[in-house]
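My entries follow in the order in which I made them.

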Amino acid sequence: MGSYRSVMTVDPPEAGTPFERAAREFVIDQVWARPGLARRERRWVTLTCVGAADAPQPIEDQVFAALNSGDMTIDEMLEFALHFAVYNGWPKASHLEGVIRRQWARIQSERGLDAAIRPPDNASLGSADWTERIAEGTREFIEVNMIDAPSPETPYIHAGILNFVFGHVWQRPGLSRRDRRFITVASVAVCDAALPLASHVGSALESGDITKAEMDEVVLQLAAYSGFAKGEALHATAETAWARLGH
């Protein structure tokens with residue numbers, strides 16, 4: 001019971017079916033309890049998985065647990081919704097942000113606290129000089145992906161990748177680069193995006209932002225929430241990347 005409560009922040013329901021017993025005994029009691037990855041990082045992977053799966057009740061439950069536990073602040077969760085949108089799409093992120101706002105209001109109401117959310121300052125949008133913005137996006141792309149940046153020859157690369165994704169989102173201070181690595185790796189894995197998967201897994205390991213032991217735990221956590229087939233693909237990609245790095 002203690003393990004379930006520490007993860008979900010509520011008492012466990014009665015487990016009667018094989019699925020309910022496995023969810024409790026394997027996913028909660030074994031996977032979440034493993035020491036190789038902090039609970040906060042497991043939450044990023046799990047939130048990404050349930051958000052990408054359009055799973056209504058798991059999204060509600062996991063968002064509530066992340067906020068109610070204090071593992072993530074409301075500002076971090078709203079920043080997560082933006083980063084999630086980049087890699088999983090705006091409609092899914094719209095639903096996810098709605099759940100975040102709703103569960104935050106619920107938690108604050110239950111605690112007798114103000115549920116107001118502080119609006120972001122326009123300064124957080126970064127430079128409005130587009131030449132500077134593309135230059136910063138190019139530098140950030142190289143630092144994150146550890147490869148040369150593509151030439152801004154198409155709207156996707158120019159306006160999307162270099163201007164917005166790396167010229168803005170990856171540079172926002174609301175989450176650390178390490179946080180963004182976990183969210184991104186899980187996102188490209190659940191989306192079955194082979195090239196981004198190889199790129200982001202490889203750069204996460206090469207940079208040291210995620211260790212190999214931590215990546216192994218990400219594989220298991222993702223497999224529990226997105227299926228073992230997707231976990232197998234992530235595992236194979238991580239092993240290939242690790243071997244390429246000379247290990």
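I began with S127, which sits in the loop between α6 (90-110) and α7 (130-145); helices here are DSSP runs of H or I with at least four residues, numbered from the N terminus. The model is predicted, so I kept to the rule that local features need pLDDT of at least 70 and side-chain atom pairs pLDDT 80 or more, while totals for chains, interfaces and linings use all residues. Residues are numbered from 1 along each chain as its sequence is written, and side-chain values use heavy atoms, with hydrogens and water left out.

Is S127 buried or exposed? I found S127 buried, with a relative accessible area of 18%; buried means under 20%, exposed over 50%, and partly exposed in between, with a 1.4 Å probe and protein chains only. A polar atom of the S127 side chain lies 3.0 Å from the backbone nitrogen of D129. Leaving out residues up to four places away in sequence, S127 touches E132, R133 and E136 (contact: heavy atoms within 4.5 Å).

Next I looked at α7. At its start, a side-chain oxygen of D129 comes to within 3.1 Å of the backbone nitrogen of T131. The helix α7 has 16 residues and spans 22 Å from first C-alpha to last, close to the 22 Å expected at 1.5 Å a residue; the expected span is 1.5 Å times one less than the number of residues. I listed the buried residues of α7 as R133, I134, E136, G137, E140, F141, V144 and N145. They cover an arc of only 165° around the axis, so they lie on the same side of α7; the arc is taken from the directions from the helix axis to the C-beta atoms. What do the buried residues of α7 pack against? I noted α8 (155-165), α9 (177-190) and α10 (194-207). After α7 comes M146, with a positive phi near 60°.

Last, I checked the nonpolar cores, each a set of buried Ala, Val, Leu, Ile, Met, Phe, Trp, Tyr and Cys residues joined through side-chain atoms within 4.5 Å. The largest has 56 residues, and W44, V63, M77, I100, V201, M215 and L234 have the most contacts inside it. Helix α5 (residues 74-88) gives the largest share of this core, 8 residues. A second, separate core of 7 residues includes V7, M8, I28 and A65. For L234, neighbours within four places in sequence aside, I recorded contacts with V185, A189, L197, V201, V218, V219 and L222.

Notes. Helix = DSSP H or I, 4+ residues; strand = E, 2+ residues; numbered from the N terminus. Polar contact = N/O pair within 3.5 Å; in protein donor to acceptor, adjacent residues only side chain to side chain.
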